[in-house]
Amino acid sequence: MNLSLEKRITANLPRTLLEEAQKATGKGITETLVHGLELIRRSRAYEKGKALQGKVQIDLNLKVSRERSYN
């Protein structure tokens with residue numbers, strides 16, 4: 001981790017929730033919290049993408065695409 005990008009915090013967390021989360025990740029406190037925050041970020045990105053469903057038009061010719069040369 002890059003120390004210049006880290007933020008030290010103090011938080012009161014439910015002990016059992018933290019212990020269960022650590023058991024699920026098999027990692028320490030910091031790693032478990034980072035993992036949880038990453039899941040929240042991914043969930044938000046998924047929701048943004050899902051909101052675009054049906055709004056993005058893609059005109060794709062699969063036959064032409066599959067015949068492309070990658071040289």
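1. Ile58 sits in the loop between helix 2 (29–51) and helix 3 (62–66); helices (H or I, at least four residues) are DSSP runs, numbered from the N terminus. Ile58 counts as exposed because its relative accessibility is 69%, where exposed means over 50% relative accessible area, buried under 20% and partly exposed in between (1.4 Å probe, protein chains only).

2. The model is predicted: local features need pLDDT of at least 70, side-chain atom pairs count only at pLDDT 80 or more, and totals for chains, interfaces and linings use all residues. Residues are numbered from 1 along each chain as its sequence is written, and side-chain values use heavy atoms, with hydrogens and water left out.

3. Regarding confidence, pLDDT is the predictor's confidence in each residue, from 0 to 100. Its mean over the protein chain is 89, with 90% of residues at 70 or more. Helix 1 (residues 15–25) has the highest confidence, at 98, and helix 3 the lowest, at a mean of 83. Where pLDDT is low, the predicted coordinates should not be read in detail.

4. Ile58 also belongs to a nonpolar surface patch of about 510 Å², together with Leu52, Val56, Leu60 and Leu62. Like charges are joined within 9 Å, and nonpolar side chains (Val, Leu, Ile, Met, Phe, Trp, Tyr) within 5 Å. Accessible areas come from the Shrake-Rupley method with a 1.4 Å probe; for residues, only the protein chains shown count as cover.

5. Helix 1 lies largely in the open, because one of its eleven residues is buried. Just after helix 1, Gly26 adopts a positive phi of about 70°.

6. Thr32 is part of helix 2 and counts as buried, since its relative accessibility is 5%. A polar atom of the Thr32 side chain lies 2.7 Å from the backbone oxygen of Gly28, and the side chain of Thr32 reaches the backbone oxygen of Lys27 at 3.4 Å. Leaving aside neighbours within four places in sequence, Thr32 is in contact (heavy atoms within 4.5 Å) with Ala21, Gln22, Thr25 and Lys27.

7. Leu33, likewise found in helix 2, is partly exposed, with a relative accessible area of 35%. Not counting residues up to four places away in sequence, Leu33 touches Leu13 and Leu18. Between Leu33 and Gln22, eleven residues apart in sequence, the C-alpha to C-alpha distance is 8.8 Å.

Conventions: Patch = residues over 30% accessible without salt bridge, like charges linked within 9 Å, V, L, I, M, F, W, Y side chains within 5 Å. Salt bridge = Lys/Arg side-chain N within 4 Å of Asp/Glu carboxyl O. Helix = DSSP H or I, 4+ residues; strand = E, 2+ residues; numbered from the N terminus. Polar contact = N/O pair within 3.5 Å; in protein donor to acceptor, adjacent residues only side chain to side chain.
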